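Work through the exercises below with the sequence and the model side by side. Try each task before reading its solution.

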Amino acid sequence: MSTTTALYQLEVKLGLARGAFPPGSGWQLTMHIDPMERGVGGKHPPGKMKRVNAALRELRKLGVIIGTHKQFGPVDVVADHEKGGLRLIEVEGESGKQREQALYSSLGQLLLSMKLWSDDVGYGIAVPDTREWVRQVRKIPTDLTKRLHLSRYLVGLNSVTRIEPGEEIADLGRG
């Protein structure tokens, strides 16, 4: 179900930590957060600082490691679980960038991090669960998602929908 509230990148990361990779169930999360995500530098909409600071506080409460991953570098989210495997995920949220360009940038960053290939390693793109973002993510060929072990995560205020590699994104009135 799509959200009506546009989520910033840090809020999408918080959604992943709560819904897809909860640290309380054994996931160890490391999240790279750049200054623009924190609302530092550049121009930002009114209220962004308050929302992203609240998300950052929640991430810290959950035990998420904020920083650059020692092995994988500045990947947005590195999720590691003894039984659940390893996931490297690039995250987008609402920003001044055009959604299409943001998606291309995320895919490029993710491709550069794709160095491990096994059944225990998966990659992902996470975006807000809105009609506009789903339309962009649908552009990724389904066969390619299977070959690249690429999951798509649609993150709402209180939900995360994971689309498995090779699986089509259901329409559900999103666009």
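Buried means under 20% relative accessible area, exposed means over 50%, and partly exposed lies in between. The model is predicted.

**Exercise 1. Which residues of α3 are buried, and what do they pack against?**

Step 1. Locate the helix. α3 runs over residues 99-113 and has 15 residues. From first C-alpha to last, α3 reaches 21 Å, close to the 21 Å expected at 1.5 Å a residue.

Step 2. Apply the 20% cut-off. A102, L103, S106, L110 and S113 are the buried residues of α3.

Step 3. Look down the axis. The buried residues of α3 fall within an arc of 100°, so they line one face of the helix. The general rule is that an α-helix has 3.6 residues a turn, so residues three or four places apart point the same way.

Step 4. Find the partners. The buried residues of α3 pack against β4, β5 (121-128), α4 (131-137) and β6.

**Exercise 2. Sort residues of α2 into buried and exposed.**

Step 1. Check the helix length. The 15 residues of α2 should span 21 Å at 1.5 Å a residue, and the end C-alpha atoms are 21 Å apart, which agrees.

Step 2. List the buried residues. In α2 these are K48, V52, A55, L56 and L59. They cover an arc of only 100° around the axis, which puts them on the same side of α2.

Step 3. Turn to the other side of α2. There K50, R57 and K61 are exposed.

Step 4. Identify the cover. The buried residues of α2 are covered by elements including α1, β1 and β2 (65-66).

Step 5. The C-alpha atoms of A54 and E11 are separated by 8.9 Å, although the two are 43 residues apart along the chain.

Step 6. Leave the helix. Just after α2, G63 takes a positive phi of about 90°.

**Exercise 3. Describe the largest nonpolar core.**

Step 1. Assign elements. Two or more residues each come from α1 (9-19), β1 (28-31), α2 (48-62), β3 (77-81), β4 (85-91) and β6 (150-155). The largest share, 5 residues, comes from α1.

Step 2. Leaving aside neighbours within four places in sequence, L16 is in contact with F21, V77, I89, V91, A126, Y153, V155 and V160.

Step 3. Look for another core. A second, separate core of 22 residues includes M114, I140, L150 and L154.

**Exercise 4. Which residues lie nearest the centre of the largest pocket?**

Step 1. Take the volume. The largest pocket holds about 500 Å³ of space.

Step 2. Inspect the lining. It consists of 23 residues, of which Q9, M36, E37, S95 and K97 lie nearest the centre.

Step 3. Assign elements. β4 and α3 give two or more residues to the lining of the largest pocket. The largest share, 3 residues, comes from α3.

Technical notes
Residues are numbered from 1 along each chain as its sequence is written. This is a predicted model: local features need pLDDT of at least 70, side-chain atom pairs count only at pLDDT 80 or more; totals for chains, interfaces and linings use all residues. Side-chain values use heavy atoms; hydrogens and water are left out. A nonpolar core is a set of buried Ala, Val, Leu, Ile, Met, Phe, Trp, Tyr and Cys residues joined through side-chain atoms within 4.5 Å. Buried means under 20% relative accessible area, exposed over 50%, partly exposed in between (1.4 Å probe, protein chains only). Helices (H or I, at least four residues) and strands (E, at least two) are DSSP runs, numbered from the N terminus. Contact means heavy atoms within 4.5 Å. The expected span of a helix is 1.5 Å times one less than its number of residues. The arc is that of the directions from the helix axis to the C-beta atoms. On a 1 Å grid over the protein atoms alone, a cavity is a set of points where a 1.4 Å probe fits but cannot get out, and a pocket is an open set with protein on both sides within 12 Å along at least five of seven lines; lining residues have an atom within 4 Å of a point. Grid points are joined across faces, edges and corners, and a volume is the space filled by probe spheres set on the points.
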